[in-house]
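Trainee: I am new to this structure. Please take me through it one feature at a time.

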Amino acid sequence: MQDAVSQRFHRFRYELPAADWRLLTAKEEYNNVRITKVRSILTAPDGIALIVVKVETDQPGLYGLGCATFTQRATVVAKAIDDYLAPLVEGRDPRNIEDLWHMMYINSYWRNSGVLNNAISGVDMALWDIKGKIANMPVYDLLGGKCREAAMVYRHADGRDPQEVLDNVLKYQDQGYLAVRCQMGGYGGRVKDITAATAVPSKDAPQATHRMKTLDRQGSAFPGAYYDADAYARSIPPLFEYVRSKIGFDLFLLHDIHERLAPIDAIRMAKALEPYRLFFLEDPLAPDQIEWFRRLRDQSATPIAMGELHNNPLEWRPLIAEQLIDFIRAHISQLGGLTPARKLAALCEAFGVRTAWHGPGDVSPIGHAANLHLDLACHNFGIQEVINFSEALYEVFPGTPELRNGYVWANDKPGWGVDIDEDKAAKYPITVVPIEWTQSRWPDGTLWTP
Ligand code: GCO
Ligand code: MG
């Protein structure tokens with residue numbers, strides 16, 4: 001009997017129109033569905049380690065995918081998923097997402113770590129994917145439906161000097177993008193390539209800046225990705241002066257300080273950038289510098305975006321409740337998934353803060369889809385960061401969102417509408433090497449937040 005039913009369930013699912021299938025699911029199968037397997041999948045189609053969770057059920061063909069991408073600690077997150085969350089949720093009813101989320105959150109007793117939150121996120125997002133497939137609707141429909149057809153995005157322009165940055169900005173403008181983030185030399189400004197001989201900070205050349213690669217470890221007690229915070233701080237206002245003088249104000253421009261400056265210098269930059277009407281200035285301060293956000297707010301009208309580093313509600317609550325920021329930039333999997341992110345979006349709406357979810361290369365296409373479904377369903381959407389979705393990403397993750405005319409578009413399929421080809425994913429194994437760029441140092445060797 002069961003075999004016949006599940007076969008009918010599976011076969012009919014693709015043949016019967018949605019309405020009939022929903023009728024079908026409202027019967028015993030839907031009420032009895034159980035999680036059978038939870039496992040992590042590691043892949044790096046673009047050379048960046050991505051962590052995805054697959055949650056399988058006892059209903060043939062019914063499974064969900066979630067993003068657990070904390071690329072700097074990929075294998076640790078995978079272990080947390082496979083060793084701790086899998087045995088905890090296997091056998092349970094995938095429909096009770098809220099209960100399962102809280103169970104995973106408190107089960108480790110200690111909470112709010114980046115590794116554990118990402119692991120939870122992978123399972124959480126997969127459960128929302130399953131619920132969307134059972135309901136035969138996209139997740140944004142479960143969240144209340146679309147407020148807009150697609151989400152406006154911004155792209156990343158960089159360059160060694162203002163002209164090179166402008167050239168890249170114009171390229172995006174020609175492609176129809178409405179917003180571009182301008183960086184010059186990456187975060188903290190260009191690291192000067194100097195030979196090892198003159199790179200070691202010494203009493204006669206304390207100002208020397210150098211790149212880690214140029215240093216043989218024997219040569220210096222302080223190898224690192226050196227950058228000159230003062231030179232960086234003085235280089236950015238002229239950059240925006242130049243770009244605005246060439247393109248005017250029709251294009252939205254953004255900048256990411258990436259917590260590379262001392263607090264007072266971040267305030268100085270926010271004030272100096274006011275004439276250039278940035279869409280937002282991001283990560284001016286480190287997450288633990290809450291007090292300085294109050295000083296920044298008092299002194300500058302440049303819109304502020306913050307949040308990609310947040311793991312703990314204590315980090316974002318005061319910033320939102322006191323309206324010290326204008327855009328929340330959370331990395332959804334660092335929060336623990338869609339369940340906490342949709343609540344954060346609602347909290348932000350209550351205080352006039354808009355969303356700008358974190359969306360660079362170290363977010364998987366499932367994570368980008370989760371960003372997008374929230375963007376479509378939340379009234380207080382601001383803007384969406386995206387990357388160029390490469391051929392390799394589309395190959396491994398069929399259904400990855402599309403970029404068109406300056407917007408990112410969902411495919412309106414049930415769940416996230418994104419799948420994974422595990423054979424293709426296996427073609428791109430991750431590599432684990434010590435991270436260099438987060439060994440950011442000031443010229444005198446002081447380590448500073450990267
Ligand atoms: C951004 C971020 C990223 C992070 C990266 C860390 O605004 O997109 O700052 O570039 O640095 O995601 O792994
Ligand atoms: Mg950032």
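Trainee: Which residues does Met152 touch, not counting residues up to four places away in sequence?

Mentor: Start with the rule: contact means heavy atoms within 4.5 Å. Leaving out residues up to four places away in sequence, Met152 touches Leu178, Phe252, Phe279, Phe381, Gly382, Ile383, Gln384, Gly406 and Tyr407. Keep the source in mind: this is a predicted model, where local features need pLDDT of at least 70, side-chain atom pairs count only at pLDDT 80 or more, and totals for chains, interfaces and linings use all residues. Residues are numbered from 1 along each chain as its sequence is written, chains are lettered from A and ligands numbered from 1 in the order in which they are written, and side-chain values use heavy atoms, with hydrogens and water left out.

Trainee: Where is Met152 found?

Mentor: Helices (H or I, at least four residues) and strands (E, at least two) are DSSP runs, numbered from the N terminus. Met152 belongs to strand β4, residues 151-157. Now look along the chain. Val408 is 256 residues away from Met152, but their C-alpha atoms are separated by 6.6 Å.

Trainee: What about Tyr172: which helix does Tyr172 lie in?

Mentor: Tyr172 is part of helix α8. Tyr172 counts as buried because its relative accessibility is 15%. With residues up to four places away in sequence set aside, it touches Arg155, His156, Ala157, Tyr177 and Val180. Gly406 is 234 residues from Tyr172 in sequence, and 8.8 Å from it in space, C-alpha to C-alpha.

Trainee: What share of contacts in the protein chain between residues at least 6 apart in sequence join residues at least 24 apart?

Mentor: The share is 69%. The chain has 450 residues, and 53% of them count as buried. It has 18 helices and 15 strands.

Trainee: At what angle do the axes of α8 and α10 cross?

Mentor: Axes are lines fitted to C-alpha atoms, for helices over the stretch in contact, and angles run from 0 to 180 degrees between N-to-C directions. Under 35 degrees is roughly parallel, over 145 roughly antiparallel, 65 to 115 roughly perpendicular, and the rest oblique. Helix α8 (residues 162-174) and helix α10 (residues 229-247) have axes that come within 10 Å and cross at roughly 45°. That is why α8 is oblique to α10. Pro162, Gln163, Val165, Leu166, Val169, Leu170 and Gln173 of α8 make the contact with Leu239, Tyr242, Val243, Lys246 and Ile247 of α10.

Trainee: How do α5 and α6 pack?

Mentor: Helix α5 (residues 97-107) and helix α6 (residues 114-134) have axes 10 Å apart, at an angle of about 170°. So α5 is roughly antiparallel to α6. From α5, the contact uses Ile97, Leu100, Trp101, Met104 and Tyr105; from α6, Asn117, Ile120, Val123, Asp124, Leu127, Trp128 and Lys131.

Trainee: Which residues of α4 meet α5?

Mentor: Leu85, Leu88 and Val89 in α4 meet Leu100, Met103, Met104 and Asn107 in α5. The axes of helix α4 (residues 74-89) and α5 come within 11 Å and cross at roughly 140°. Therefore α4 and α5 are oblique to each other.

Trainee: Which residues coordinate the magnesium ion (ligand 2)?

Mentor: Donors are N, O and S atoms within 2.8 Å of the metal (3.2 Å for Na, K and Ca); water is not among the atoms, so sites may look incomplete. Here the magnesium ion (ligand 2) is coordinated by Asp256 (OD), Glu282 (OE) and Glu308 (OE), at 2.1 to 2.2 Å. Asp256 lies in strand β7 (residues 252-256) and Glu308 in the loop between β9 (304-306) and α13 (313-321), so the pair ties together parts 52 residues apart in sequence. Asp256 and Glu308 are both buried.

Trainee: What is the phi of Glu259?

Mentor: Glu259 has a positive phi of about 50°, although it is not a glycine. Glu259 sits in the loop between β7 and α11 (263-272). Its relative accessible area is 8%, so Glu259 is buried.

Trainee: And is Asn405 buried or exposed?

Mentor: Asn405 counts as exposed because its relative accessibility is 58%. Its phi is also positive, near 50°, in a residue other than glycine. Look for Asn405 in the loop between β13 (402-404) and β14 (407-409).

Key
Buried means under 20% relative accessible area, exposed over 50%, partly exposed in between (1.4 Å probe, protein chains only).
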